[in-house]
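Hello,

Here is the structure I said I would pass on. My notes follow below it.

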Amino acid sequence: MSNSLGGKAAIVGIGATDFSKQSGRSELRLAAEAVTAALHDAGLKPADVDGLTTFTMDTNTQAAVARAAGIPNLKFFSNIPFGGGAACATVQQAAMAVATGVADVVVAYRAFNERSGHRFGQFATHLASAATSSGVDAAWAYPQGLGTPAAQVAMVARRYMHVYGATSADFGTIAVADRKHAAVNPAAHFYGKPITLEEHQNSRWIAEPLHLLDCCQETDGGVAIVVTSVERARDLPQPAAVIAAAAQGSGADQYVMTSYYRDAMTGLPEMGLVGDQLWSQSGLRPEDMQAAILYDHFTPFVLMQLEELGFCPRGEAKDFIADGAIELGGRLPLNTHGGQLGEAYIHGMNGIAEAVRQIRGTSVNQVENLHNIAVTAGTGVPTSGLVLTAA
């Protein structure tokens with residue numbers, strides 16, 4: 001490994017609540033349930049945990065989660081900003097703490113009632129008038145009607161289509177593959193409910209060129225990930241998913257969902273920065289990945305991620321995904337749990353859990369002979385990524 005982090009920490013436990021549209025319980029309870037389930041999966045006790053990390057957007061403080069889950073003491077705690085872009089970075093933080101000896105066992109968690117409670121996809125005018133740097137940034141876009149994530153992504157998607165000739169049907173290929181995978185996943189909201197490309201094309205517009213079926217779900221639920229050293233992992237019951245690489249990235253002229261002032265609006269430079277670090281740290285290349293979990297809050301950004309990460313040349317993702325290439329049995333299966341379009345939207349944390357299942361060989365859509373898998377976090381914002389490998 002070319003850096004001091006790669007190969008020193010591993011994911012040894014994953015846990016989740018049910019995924020629903022109305023959880024009927026508090027976000028703190030969801031967090032505690034997910035953490036408790038992850039520790040049980042790892043064969044560890046609450047007293048073994050000395051670190052917790054989560055998103056700045058999570059309403060559950062580490063101290064509160066520790067009390068609710070029976071964790072007595074914490075030596076490490078951190079919060080990562082930028083919404084879904086934080087997902088893989090929480091695992092990076094956990095791995096850094098473990099690798100440096102700051103903590104022995106760190107749990108990353110995310111829990112919310114994003115459908116029955118606060119819904120992130122709604123227009124929020126107060127964001128454009130906040131007396132903060134984010135308020136100043138939002139004030140440029142909100143008066144133009146670009147006040148929801150779908151509207152903000154639609155602008156970039158339209159430019160991408162214009163430059164590279166991608167079509168709405170190409171975006172639909174992502175949605176169809178995700179829903180095909182979700183249809184056989186009992187944990188998925190859309191279990192037993194695949195879609196056709198025709199159904200995608202006939203779904204209503206949200207913000208052209210985005211159809212309803214280009215947009216991720218809104219979900220209540222929680223997910224937790226347990227990280228410890230590779231050495232300790234050898235004595236635990238589950239096969240370890242070794243963290244071969246972990247990276248964050250914020251590109252030039254970066255805004256939150258509205259980076260419209262770059263020389264081009266046809267890519268995600270921050271994801272390219274993450275990808276460069278992942279391949280450098282791990283010593284692996286895109287062609288060494290047997291599958292990938294790419295953050296799919298909106299389908300066009302999945303195509304752009306494939307290009308930024310080097311799975312295909314720029315502008316050629318539409319061809320790369322054709323003919324079942326991203327479905328189980330294809331050359332690069334994507335989002336084998338169904339993704340945020342098909343399983344649940346837990347800000348990408350459920351995707352990390354699926355990557356661990358793939359390493360363990362326990363996915364409902366298991367990729368044969370899988371040894372390496374790439375995972376990404378939210379796009380359009382400063383973001384993060386992981387490469388996980390079998391021990």
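Helix α2 is followed by G70, whose phi is positive, near 80 degrees. Helices here are DSSP runs of H or I with at least four residues, strands are runs of E with at least two, and both are numbered from the N terminus. This is a predicted model, in which local features need pLDDT of at least 70 and side-chain atom pairs count only at pLDDT 80 or more, while totals for chains, interfaces and linings use all residues. Residues are numbered from 1 along each chain as its sequence is written, and side-chain values use heavy atoms, with hydrogens and water left out.

Helix α2 covers residues 62-69, and its buried residues (under 20% relative accessible area, 1.4 Å probe, protein chains only) are Q62, A64, V65, A66 and A69. They pack against α1 (27-42), β2 (51-55), β3 (76-80) and β4 (105-113); contact means heavy atoms within 4.5 Å.

Now the sheet. Nine strands form an open sheet with mixed pairing, in the order β3-β2-β4-β7-β1-β8-β11-β10-β9. Two strands pair if DSSP finds at least two bridges between them. The edge strands, β3 and β9 (291-293), each pair on one side only. Within the sheet, β2 and β4 pair in the parallel sense over three bridges, and T53 has A108 in β4 as its bridge partner.

Last, a helix on the sheet: α1 lies across β1 (9-16), β4 and β7 (220-229), and runs at about 125 degrees to β1. Axes are lines fitted to C-alpha atoms, for helices over the stretch in contact, and angles run from 0 to 180 degrees between N-to-C directions.

Regards

Technical notes. Buried < 20%, exposed > 50% of the residue type's maximum accessible area, 1.4 Å probe, protein only.
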